[in-house]
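Biologist: Could you walk me through this model slowly, as I am still new to reading structures?

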Amino acid sequence: MARGKKQNPFAARKRQKRANGAPERPDRRAEPYKEIERDNASFIKYYHLQKICATEEEWTQFLASIRDNLPTTFRVTGFKDEARALLNIIKTQLFTEYVRAVAELHELPAEQVERPLCLPWYPNGMAYQLHLTRKDIRRSEPLFRLHNFLIVETTAGSISRQEAVSMIPPLVLNVQPTDKVLDMCAAPGSKTAQLIEALHASPEQYKIPPGFVLANDVDNNRCYMLVHQAKRLNSPCLLVTNHDSSFFPNLLQTDEATNSKSILKFDKILCDVPCSGDGTLRKNPDIWMKWNLAQAYNLHGVQYRIVRRGAEMLAVGGRLVYSTCSLNPIENEAVLQRIIKDADGALELVDASHLVPGLKYKPGMVDWKLATKEVDAIYSSFDEVPEQLHTIIRPTMFPLPEAEMSKIGLDKCMRVLPHLQDSGGFFVAVIEKRRPLNFEKNDLQDLLEKADAKPTQPEVQLDESGKPVEDEKSVPWGPQRKRRRLHGYKEDPYVFFGEDDADYESIQQFYQLNETLNKRCLLTRCQTERKKNIYYCSDPIRDLVVNNERNIKIINTGVKTFVRCENRHTVHPYRLAQEGLQTSNAFIGSSRRIQVEREDLILLLNCTDPTKPPSTLEMKPETQQRCKELGVGSCILKYVDEAFTLFIVGWRGTSSLRAYVDRDETIHILRLLGADLSKFEVNKYEKAKEAAAAAAAAAAAAGEDAEQKEEVMESSEKE
């Protein structure tokens, strides 16, 4: 073994077992995949005991539904200008192709194919349910166009594939563009994306929403999944943090009027807490094999601590949504009755069913029983629980006495069961705060002292020649390359522009940026003077970062707005970034804009070779004239349609013009323009067949060569 290299303990254990003569595990890789048996005696016994269904007939429907596969659902990103145009394409072209493909897949006449269902409770008819599973779409050749559509439009940020019931919590949170929103357990990010959409719901009223979304998760790796999901929407009003939600720190904010600091209180908080997940059995059938009550008992305390911390950070008059993808009252009603009782009138459960009209659900339970892990002993009160189980089953998990329970209002909760609307299972409750909590902690002075404290300078290490060693400990932010740590990666710094930034002056002059853009909201992620990427965040986000970067680990914020792009012909070193154009477009003057016609835009988008952009001579005369007036460098291409207006980053070359968008956004725009997409349509099944045929031909050719060599050798031996 190499010096200093750590031994792999798992490999060492394997070698030791082999040396001791332990029998080898059978290799099951060659065996056919066995379908998971969708049955669990403890699960069925426990939920039958809880009477989550009113009748035996309904219970039978529930079991049949939860054992079935989950249909696919998606929603259209509602705040984008072209959303209505895309929705029209989906209803006509996509669903026509869907009916044809499903008819071919199931060998049915087209008239017998069940049409996609518009979810009645989702606003503006923007969400649809397809009567196909994820597996059907992914593995069926007739559906390859539908699969391509879902992948491309999801990556472009135009649609989101999301389970239907998962869309409910953000809807009942009722986010407005002015709200300060906290998503406490945000990863993987589908609900966060919905919150961002709600924040940007009034683009005609707000260029940049005055509110923001702070998305947090305890898992460092899942935080990067969250960033990937939310980045599709390119919002400057998002901040992603990595912290334990149950101990989330108080954050500082600056009062604009008085310039004084205060503790930030949120207007809306989403607590989609970790849970046992038995509501997702249709999507995750492996839960059938491992479900037991111990999971709910273990999670009850964590769930309570998260919602309690959320209630503390909620502003008076604010709204908190508590949700789980579990059907278990121990994780749902038991947690809520505990926090409402502890709040002593400061928190109130409210009915939010008017925000999801058409949603079928059951009211929250007011009576339930507890049991052992195997559900072989049932307990109606804590007095019946054996002493050895007292550390697992706690008094707060049992329903309150009837007189106290009537004041809690658990009937206002929403229990969504799979058989009611062919969905997954879910639990949602809406809480409003009437006054400050008795146990609320407002440690303003401690926070101010922590913010004002200067970071301690590390001791400088010297090498053998006496020169300082610039290792991770002696450089303030460590090396630029991220190094894996025990608690994730050390993030690069957030360096905001100062008042006299030289780069900003040149950017402002070249793009004619107006005065409403706050240059102090521009930032980079490196401390070198030569900036590579420049990001933009909203004023409230900047305030959060500046006041709290020592108090909490910030994973990501800002949307890429300018990118260094130097070549010998351009007079300015920064080009516009398509990701940030949604934000920066409102601040850029008229000098770097070109209005193009449909045919010109299609020509530009169909150019897939960046080394051979279309010549301006191929454009319409109006476009050619505007190009002559424009110097070399980045520009904005504007296209106006009856239904929508598009803004795209372009590049004016010395004699050419090109569109600066990635492949998925290119396909999205061409689809909106009604252009031919066959050039970009990929049939992975045809490609696989071609690859197999090529491999077979290569093998045959190799066989022929081998035979010829043998014949030559034989003839030479005879001679």
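**Aromatic pairs, core and binding site**

Modeller: Let us start with the aromatic rings, keeping in mind that this is a predicted model; by the pairing rule used here, the count comes to 18 aromatic pairs.

Biologist: How are the rings of Y46 and Y47 arranged?

Modeller: Their centres are 5.1 Å apart and their planes stand at 75°, so this pair is edge-to-face. Y46 is buried, and Y47 is buried as well.

Biologist: And what about F95 and Y128, how do those rings sit?

Modeller: The ring centres of F95 and Y128 are 5.0 Å apart with the planes at 65°, so that pair is edge-to-face. The pair links distant parts of the chain, since F95 belongs to helix α4 and Y128 to strand β3 (residues 127-130), 33 residues apart. F95 and Y128 are both buried.

Biologist: Which residues form an aromatic cluster?

Modeller: One aromatic cluster is formed by F43, Y46, Y47, W288 and W291.

Biologist: Where do the charged ends of arginines come in?

Modeller: The charged end of R525 sits over the ring of Y494, 3.9 Å from the ring centre, and R658 lies over the face of Y660, at 4.4 Å from the centre of that ring.

Biologist: Switching to the core, which residues touch the most other members of the largest one?

Modeller: The largest nonpolar core has 196 residues, and within it W121 and L336 touch the most other members. Helix α4 (residues 83-106) gives the most to this core, with 13 residues. In soluble globular proteins, nonpolar side chains tend to be buried together.

Biologist: What does W121 touch, beyond its close sequence neighbours?

Modeller: Not counting residues up to four places away in sequence, W121 touches A164, M167, I168, L171, L355, V356, P357, G358, L359 and Q421.

Biologist: Okay, new topic: how is the chain divided into domains?

Modeller: The protein chain is divided into domain 1 (72-162), domain 2 (165-433) and domain 3 (590-683), and the centres of domain 2 and domain 3, taken over C-alpha atoms, are separated by 45 Å. Separately, an unreviewed UniProt entry places the feature "domain: SAM-dependent MTase RsmB/NOP-type" at residues 62-434. That span of residues 62-434 is 33% helix and 20% strand, and its end C-alpha atoms lie 38 Å apart.

Biologist: Which residues does UniProt list for "binding site"?

Modeller: The unreviewed UniProt entry lists C185, A186, A187, P188, G189, S190, K191, D217, D244 and D272 under that name.

Biologist: Is S190 buried or exposed?

Modeller: S190 has a relative accessible area of 16%, and under 20% counts as buried, so S190 is buried. S190 is found in helix α8 (residues 190-199), and, leaving out residues up to four places away in sequence, S190 touches R75, Q162, S166 and Q229.

Biologist: And where is D217?

Modeller: D217 has its place in strand β6 (residues 212-217), and at 6% relative accessibility D217 counts as buried. Apart from neighbours within four places in sequence, the contacts of D217 include M184, C185, A186, A187 and R222.

Technical notes: Residues numbered from 1 in each chain as written. Predicted model: local features only at pLDDT ≥ 70, side-chain atom pairs only at ≥ 80, totals over all residues. Heavy atoms only, no water. Core = buried A, V, L, I, M, F, W, Y, C linked by side-chain atoms within 4.5 Å. Buried < 20%, exposed > 50% of the residue type's maximum accessible area, 1.4 Å probe, protein only. Helix = DSSP H or I, 4+ residues; strand = E, 2+ residues; numbered from the N terminus. Contact = heavy atoms within 4.5 Å. Domains from an automatic or database assignment. UniProt positions renumbered as here; feature names shortened; annotations may be inferred. Phe/Tyr/Trp six-rings, centres within 6.5 Å; stacked < 30°, edge-to-face > 60°. Lys NZ or Arg CZ within 6 Å of the ring centre and 35° of its normal.
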